[in-house]
Amino acid sequence: MKKQGGVALSGLLFWSIIMVLVAVLGMKVAPTFIEYQKILKDAKATVNQVGPESTVADVRRTFDKFAEIDMLDFKSSDLDVSKDGGKIVIEFAYEKRIPLFWNVSLLIDYKGSTAGS
């Protein structure tokens, strides 16, 4: 008689639970990562739109316009605006707390800069 291969019901249940937990975690983390990508995109678009002679208020106002279009809750007051070699650089950093279950949360530190572009 040949040896049978396959998955037992207990193994199927175990791996199904693992896959569901990973999927739920992904669905909770994905929106925050998308928000981070939008903030970074808007910061880069702001740097490209304003000139090197622009003031910090001009930069913040331009970012607020982009953030309003993307429906972001992130405010321009949370941006660090500086100049590096005559070029405007926008940096930001923030934490996002994602509740998972009971009193367990996932804390993600997001940091971004337009210096590399």
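1. Ser54 is located in the loop that joins H1 and H2, where helices (H or I, at least four residues) and strands (E, at least two) are DSSP runs numbered from the N terminus. The model is a predicted one, in which local features need pLDDT of at least 70 and side-chain atom pairs count only at pLDDT 80 or more, whereas totals for chains, interfaces and linings use all residues. Residues are numbered from 1 along each chain as its sequence is written, and side-chain values use heavy atoms, with hydrogens and water left out.

2. Ser54 has a relative accessible area of 16% and is therefore buried, given that buried means under 20% relative accessible area, exposed over 50%, and partly exposed in between (1.4 Å probe, protein chains only). Leaving aside residues up to four places away in sequence, Ser54 touches Val59, Lys83 and Ile88, a contact being heavy atoms within 4.5 Å. Between Ser54 and Lys28 there are 26 residues of sequence separation and 38 Å in space, taken from C-alpha to C-alpha.

3. The largest nonpolar core has 19 residues, and those with the most contacts inside it are Ile39, Phe63, Phe74, Ile90, Phe92 and Tyr94; such a core is a set of buried Ala, Val, Leu, Ile, Met, Phe, Trp, Tyr and Cys residues joined through side-chain atoms within 4.5 Å. Two or more residues of this core come from each of the elements H1, H2, S2 and S3. Ile39 touches Phe63, Leu72, Phe74, Phe92 and Tyr94, again not counting residues up to four places away in sequence.

4. How many aromatic pairs does the ring rule give? Rings of Phe, Tyr and Trp (its six-membered ring) pair if their centres lie within 6.5 Å, with planes under 30 degrees apart counted as stacked, over 60 as edge-to-face and the rest as tilted, and by this rule the count comes to 10 aromatic pairs. The pair of Phe92 and Tyr94 is stacked, because the ring centres are 6.3 Å apart and the planes are at 25 degrees. Both partners are buried, Phe92 with a relative accessible area of 3% and Tyr94 at 14%.

5. Tyr94 also pairs with Tyr110, and since their ring centres are 5.4 Å apart with planes at 35 degrees, this pair is tilted. The pair links distant parts of the chain, with Tyr94 in strand S2 and Tyr110 in strand S3, 16 residues apart. Tyr110 is buried as well, its relative accessible area being 7%. Ring pairs join Phe33, Tyr36, Phe63, Phe74, Phe92, Tyr94 and Tyr110 into a cluster.

6. Two residues deserve a check of their backbone angles. Most residues other than glycine have a negative phi. Met71, however, has a positive phi near 55 degrees, and is found in the loop between helix H2 (56–69) and strand S1 (80–84), where it is exposed at a relative accessible area of 72%. Trp102 likewise is not a glycine and has a positive phi of about 45 degrees; this residue lies in the loop between strand S2 (87–101) and strand S3 (104–113), and at 83% relative accessibility it counts as exposed.

7. Val7, in the segment before helix H1 (9–49), counts as exposed because its relative accessibility is 65%.
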